[in-house]
Amino acid sequence: MSHQLLAAGTNADAISRETVFWILAILATGAALTMILVRRAVHCALMLAVVMLCLATMYAMQGAPFLAFVQIIVYTGAVLMLFLFVLMLIGIHSSDSIVETIKGQRLAAGLAAIGLMVLLSLGIGHAALGPPTHQNDALNGSGNMPGIAQLIFSTYVFPFEVTGALLITAALGAMVLAHRERTSPKPTQRDLVARRLASGHLAPDPSPGVYALHDAADRPALLPDGSTAPESVSTALAQRLVEDEEPPAVMKEVES
Amino acid sequence: MSPVHYVALSVILFVIGGVGVLVRRNAIIIFMCIELMLNACNLAFVAFASMHGNLDGQVIAFFVMVVAAAEVVVGLAILMAIYRARRSASVDDANLLKY
């Protein structure tokens, strides 16, 4: 089933491939333009996701199913989620200021973009770009993934090892950067108790409207009609009150 | 489709990403634009691979993806550190060394 699907992506006839290419190209360019125009960072991330999915489809069309899936899993799945995660930490409403801090920066950026575009187009125009060399057979003769695996573990084995070192370095770097140095010693349990005693407010705050004048646990809750509800006091506490032979002040107030 | 079209699209996406890096002020958006540029490069690599009929371009694109993932991790960690210190993700606010 999946083989048929992949084959449909890679071996479709020329016209449908062309149609899909143009749809995806317009979609990707539009999403990329929207990405640099919208102000909210979240919208930016969503537009980037659209571009990445378009590119993944294009990889599949060009006989690179492995890269297409890696693109979806690693880029759209992991990297973009990381972006959204950091956006969430920084604040989902973070948006750009539209004030130009450097005078004429937009104009200069536009000119630089046109220059870069011309330069790259000239470079590509001079390069010998021929038609695809019977890609799908040559590329995927014994399957795309076995071919890539063979290359990675033979010709590119040293870069592959270096990549491992790079990933470890990146993980360590992220850990070092995320580590926060403590400026004051960590409060112990004794410190916390002292702080709470000093505050003069020992028990947690009562739920709103439950207790009449005090927030201690041995004071009964006040009912809507103004009477007290003795069953709201725990039986263990009630027993202790009987042993003490002294009803709490509030009970007396309410009864009188 | 000839690879020229794909390469042309990758040029367009690369330039759009470059404009984004130059124009935007929010560091996260700048990062996303860099990712867009890397993706454009990957598209060109895959197009070249299909043009030459071998898999080297695809392997290089795979390495680019790995490096990009590592870069995003460290970059976002730096961003969080700056945000903790300056309470802002704007590149204009990280100007302690300027004056």
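Trainee: Which residues in H2(B) meet H3(A)?
Mentor: Residues are numbered from 1 along each chain as its sequence is written, with chains lettered from A and ligands numbered from 1 in the order in which they are written. From H3(A), the residues are Ala41(A), Cys44(A), Ala45(A), Leu48(A), Val51(A), Met52(A), Leu55(A), Met58(A) and Tyr59(A). In H2(B) they meet Ile28(B), Ile29(B), Met32(B), Glu35(B), Leu36(B), Asn39(B), Leu43(B) and Val46(B).

Trainee: How are H3(A) and H2(B) oriented to each other?
Mentor: Helix H3 (residues 41-61) of chain A packs against H2(B) at about 5°, with axes 10 Å apart; axes are lines fitted to C-alpha atoms over the stretch in contact, and angles run from 0 to 180 degrees between N-to-C directions. Angles under 35 degrees count as roughly parallel. H3(A) and H2(B) are therefore roughly parallel.

Trainee: Which helix supplies the largest share of the side of chain B that touches chain A?
Mentor: The contact (C-beta atoms, placed from the backbone, within 7 Å) takes 70 residues from chain A and 61 from chain B. On chain B, H1 (3-23), H2 (27-52) and H3 (56-86), helices being DSSP runs of H or I of at least four residues, each supply at least two residues. The largest share, 21 residues, comes from H3(B).

Trainee: Does H9(A) lie largely in the open or buried?
Mentor: Helix H9 of chain A spans residues 189-199 and is followed by Gly200(A), whose phi is positive, near 75°. Of its eleven residues the number buried is zero, so H9(A) lies largely in the open.

Trainee: Which element of chain A has the lowest mean pLDDT?
Mentor: Chain A averages a pLDDT of 79, and 75% of the residues score at least 70. Where pLDDT is low, the predicted coordinates should not be read in detail. The highest mean, 93, belongs to H3(A), and the lowest, 45, to helix H1 (residues 2-10) of chain A.

How values were computed:
Predicted model: local features only at pLDDT ≥ 70, side-chain atom pairs only at ≥ 80, totals over all residues. Contact = placed C-beta atoms within 7 Å. Parallel < 35°, antiparallel > 145°, perpendicular 65-115°, else oblique. Buried ≥ 20, exposed ≤ 12 C-beta atoms within 10 Å, placed from the backbone. pLDDT = per-residue confidence, 0-100.
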